[in-house]
Amino acid sequence: MSTQAPTVPIPAEPPELEARIVTIGSYLIAAATAFFFVAFLFAFLYLRALNTNGLWGGGKPHHHVHAALTVGIIVLASVLASVVVLRLALGELRGQARPLWRLAALGAVALGLAAVGVQCWQYTDLGFGPGDGGYASVYLGWTGFFSIFALGVMLWLEAVLASTRRADAVAGVRVQGDVASVSLVWTMLGLVEIASFILLYVVT
């Protein structure tokens with residue numbers, strides 16, 4: 001005869017509480033992301049000001065390594081467009097226009113992945129490596145990690161979209177919280193991309 005005690009089912013958390021937990025977590029992720037990229041901001045300002053032996057721009061006379069401005073503009077435009085479209089998707093979701101919000105969110109994913117793809121394509125014809133001065137090392141580190149972060153956020157958004165396709169009945173407070181959380185972190189990365197464009201393509 002079995003003496004095992006009967007299992008007591010654990011009640012599910014209310015959707016409102018789950019949404020609040022996810023929102024708080026997204027604020028922490030956004031803050032951590034900002035602090036992470038501050039390291040590259042400091043490296044840029046410090047190495048550029050120090051410019052030991054003229055190595056900031058490559059250390060060669062009449063030669064300064066520099067990434068293509070066209071690629072920088074395309075990546076910046078794609079990221080900012082994705083941020084705006086995702087904000088619009090969140091507004092449509094809160095207004096209960098669900099088919100339109102999902103389409104807008106998919107557009108945000110496509111734009112974000114396009115930015116990552118263009119940035120990765122540029123690496124194949126960059127013309128310099130991390131050993132070619134301070135600018136080169138900061139550029140590759142900053143844009144490389146940004147691409148990783150951006151890809152992670154796009155996968156996160158796609159996971160949210162996939163969950164609504166499997167169970168559209170839960171597309172209420174919980175999904176609104178999920179999309180709002182992704183949008184918050186993605187907006188922070190959009191600000192990071194603006195800063196990187198100004199420093200890496202304009203100021204240099």
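Helices (H or I, at least four residues) and strands (E, at least two) are DSSP runs, numbered from the N terminus. The structure is a predicted model, in which local features need pLDDT of at least 70 and side-chain atom pairs count only at pLDDT 80 or more, while totals for chains, interfaces and linings use all residues. Residues are numbered from 1 along each chain as its sequence is written, and side-chain values use heavy atoms, with hydrogens and water left out.

**Exercise 1.** Determine how many helices and strands the chain has, and state the order of its elements.

Solution. Step 1: the secondary structure comes to 5 helices and 0 strands. Step 2: read from the N terminus, the order is α-α-α-α-α.

**Exercise 2.** Describe the span of helix α2 and list its buried residues.

Solution. Step 1: α2 covers residues 69–94, which is 26 residues. Step 2: the expected span of a helix is 1.5 Å times one less than its number of residues. Step 3: from first to last C-alpha, α2 reaches 38 Å, close to the expected 38 Å. Step 4: a residue is buried under 20% relative accessible area, exposed over 50% and partly exposed in between (1.4 Å probe, protein chains only). Step 5: the buried residues of α2 are V71, G72, V75, L76, S78, V79, S82, V83, L86, A89, L90 and L93.

**Exercise 3.** Explain why S78 counts as buried, and find its contacts.

Solution. Step 1: S78 belongs to helix α2. Step 2: S78 counts as buried because its relative accessibility is 11%. Step 3: contact means heavy atoms within 4.5 Å. Step 4: apart from residues up to four places away in sequence, S78 touches L111 and A115.

**Exercise 4.** Describe the largest nonpolar core and the elements that contribute to it.

Solution. Step 1: a nonpolar core is a set of buried Ala, Val, Leu, Ile, Met, Phe, Trp, Tyr and Cys residues joined through side-chain atoms within 4.5 Å. Step 2: the largest such core has 47 residues, and those with the most contacts inside it are L86, Y139, W142, V179, W186 and L200. Step 3: two or more residues of this core come from each of α1 (15–50), α2, α3 (98–123), α4 (134–166) and α5 (173–203). Step 4: beyond its neighbours within four places in sequence, Y139 has contacts that include A67, Q119, F128 and L200.

**Exercise 5.** Classify the ring pair of F128 and Y135.

Solution. Step 1: a pair of aromatic rings is described by the distance of the centres and the angle of the planes. Step 2: rings of Phe, Tyr and Trp (its six-membered ring) pair if their centres lie within 6.5 Å; planes under 30 degrees apart count as stacked, over 60 as edge-to-face and the rest as tilted. Step 3: by this rule there are 15 aromatic pairs. Step 4: the ring centres of F128 and Y135 are 6.2 Å apart and their planes stand at 55 degrees, so the pair is tilted. Step 5: F128 is buried at a relative accessible area of 10%, and Y135 is buried at 0%.

**Exercise 6.** Decide whether W156 is buried, exposed or partly exposed, and locate its contacts.

Solution. Step 1: W156 lies in helix α4. Step 2: W156 counts as partly exposed because its relative accessibility is 27%. Step 3: apart from residues up to four places away in sequence, W156 touches S181, V182 and V185. Step 4: the C-alpha atoms of W156 and V109 are separated by 9.7 Å, although these residues are 47 apart along the chain.
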